Amino acid sequence: MGTAGCADGPVQSDGQPGGGLRAGNAGPVAAGPTGVVAAADRARAPRLEGELLDGGRFDPESVAGMAVVVNFWASWCAPCRAEAEELNATAEATRELGARFVGVNVRDGRDQARAFVEGRELYPSLFDPPGRIALAFTDVPPNTIPATVIIDRRGRVAVVLRKAVTQRELEPLVRQVAEEPAAGG
């Protein structure tokens, strides 16, 4: 089973793509780009902070207590361009649930990134050419471009999608995480 992406992540000794994502007691998720993490096994997500594409600063408090969908992208990535409208549609469809979207532009120039989002993106994007934000997700790395991570209301990584996404597959996952209680579990 192949996946469309612009950058490959680590490869395990068996030749399969992987990263240390744990899902319940099933062990590492190695065979595919998608991983849903059981609530009891979720790792704390790093704090989203940094410079926005427009030069302003992202305020992490603006998404505190919300389900946050973080999409890693680059302007030169064809699958990233293909999924842009799908992400926007999902952001609109889940906003009333308290879900918020944040883009993270990696391995890109600011002018190219700005041109990519102009008139297209409905949510803010952090400008992170060296990929420091992705590297901060040490327990569940979004190690491809594009990649999408869903963070639960408690600030823990609930889902990692290491491929281009569609609204049809992403929206149910966002809804599931957004509808979880902020406390407990």
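Guide: Let's begin with tyrosine 123, which counts as buried at 11% relative accessibility (buried is under 20% relative accessible area, exposed over 50% and partly exposed in between, with a 1.4 Å probe and protein chains only). This is a predicted model, where local features need pLDDT of at least 70 and side-chain atom pairs count only at pLDDT 80 or more, while totals for chains, interfaces and linings use all residues. Residues are numbered from 1 along each chain as its sequence is written, and side-chain values use heavy atoms, leaving out hydrogens and water.

There are 3 aromatic pairs, meaning Phe, Tyr or Trp rings (for Trp, the six-membered one) with centres within 6.5 Å; planes under 30 degrees apart are stacked, over 60 edge-to-face, and the rest tilted. Tryptophan 73 and phenylalanine 116 are stacked, at 4.7 Å centre to centre and 20 degrees between the planes. They are 43 residues apart, in strand S4 and helix H2 respectively (DSSP runs numbered from the N terminus: helices are H or I of at least four residues, strands E of at least two). Tryptophan 73 is buried at 1% relative accessible area, and phenylalanine 116 is buried at 9%.

Back to tyrosine 123: its pair with phenylalanine 101 is tilted, at 5.6 Å and 45 degrees. Phenylalanine 101 lies in strand S5 and tyrosine 123 in the loop between H2 and S6, 22 residues apart. Phenylalanine 101 is buried too, with a relative accessible area of 5%.
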